[in-house]
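Here is a friendly walk through one protein model, written for someone who likes to know the cut-offs. Have the viewer open as you read.

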Amino acid sequence: MKAALPNYQLTVTQLSGEPTSSNRECDIMIGTFDQATTRRLVVAVPLGAYRFGIAVTSDHPLAHHSRLALNDLAGQRLLMVPRGISEKNDQLRDAIETAAPDVIIEGTHGRYNLDVFNRAADQNLALLNLTPWQDLHPNLVTVPLDTPLTVNYGVLASRQAPQPVQDFMNRLRQLI
């Protein structure tokens, strides 16, 4: 794409602060999104979709499955984002609660950060996970979850981005 976008330069930067902070120090980022996110916060150029899995410690009873059905989560303590952050997560929560009504869902403090992965490992909790994060924590293994639900990911920019960023997003959308 560099040849098609010669007037743009990308710099990779470490973001600080909370993922929900309105004071971001970047113009664009790669991230997940759904209709709720794009309606409220960002414009997105879709690149693909991530699948869900369940991250557990290697000695957790679920770790030895090759795939997990929703009812396999019965009786488990499951970490996931609270309702209202992601429509796809809310839909999956509803499906899990229907298939395994005795699952104990524990909400995180918003979107995931490293503390959430450490909590899952330290407390031996199951964690709703996405494919790009399956190797994020060395003490967790991710088992694919049988669900048709996926989460879109792509290039994201603020709805109030400066004009050069809007131009880049429009050009990228044309190329993809």
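The model is a predicted one, in which local features need pLDDT of at least 70 and side-chain atom pairs count only at pLDDT 80 or more, while totals for chains, interfaces and linings use all residues. Residues are numbered from 1 along each chain as its sequence is written, and side-chain values use heavy atoms, with hydrogens and water left out. Helices (H or I, at least four residues) and strands (E, at least two) are DSSP runs, numbered from the N terminus.

Strand 2 and strand 5 (residues 126-130) are antiparallel and share four bridges; two strands count as paired if DSSP finds at least two bridges between them. Ala-44 stands opposite Leu-156 of strand 7.

Helix 4 covers residues 163-175, 13 residues in total, and reaches 18 Å from its first C-alpha to its last. That is close to the expected 18 Å, the expected span being 1.5 Å times one less than the number of residues.

Which residues of helix 4 are buried? They are Val-165, Phe-168, Met-169 and Leu-172, where buried means under 20% relative accessible area, exposed over 50% and partly exposed in between (1.4 Å probe, protein chains only). These residues lie on the same side of helix 4 because they cover an arc of only 100° around the axis, taken from the directions from the helix axis to the C-beta atoms. They pack against strand 1 (28-33), strand 2 (42-57) and strand 7 (150-158), with contact meaning heavy atoms within 4.5 Å.

## Arg-173 on the helix

Arg-173 lies in helix 4 and is partly exposed, at a relative accessible area of 39%. Setting aside neighbours within four places in sequence, Arg-173 is in contact with Val-43, Ala-44 and Val-45. Arg-173 and Pro-46 are 127 residues apart in sequence, yet 8.4 Å apart in space, C-alpha to C-alpha.

## A buried loop residue

Is Gln-76 buried or exposed? Gln-76 is buried, with a relative accessible area of 16%, and sits in the loop between strand 2 and strand 3 (77-80). Not counting residues up to four places away in sequence, Gln-76 touches His-60, Leu-62, Val-103 and Ile-104.
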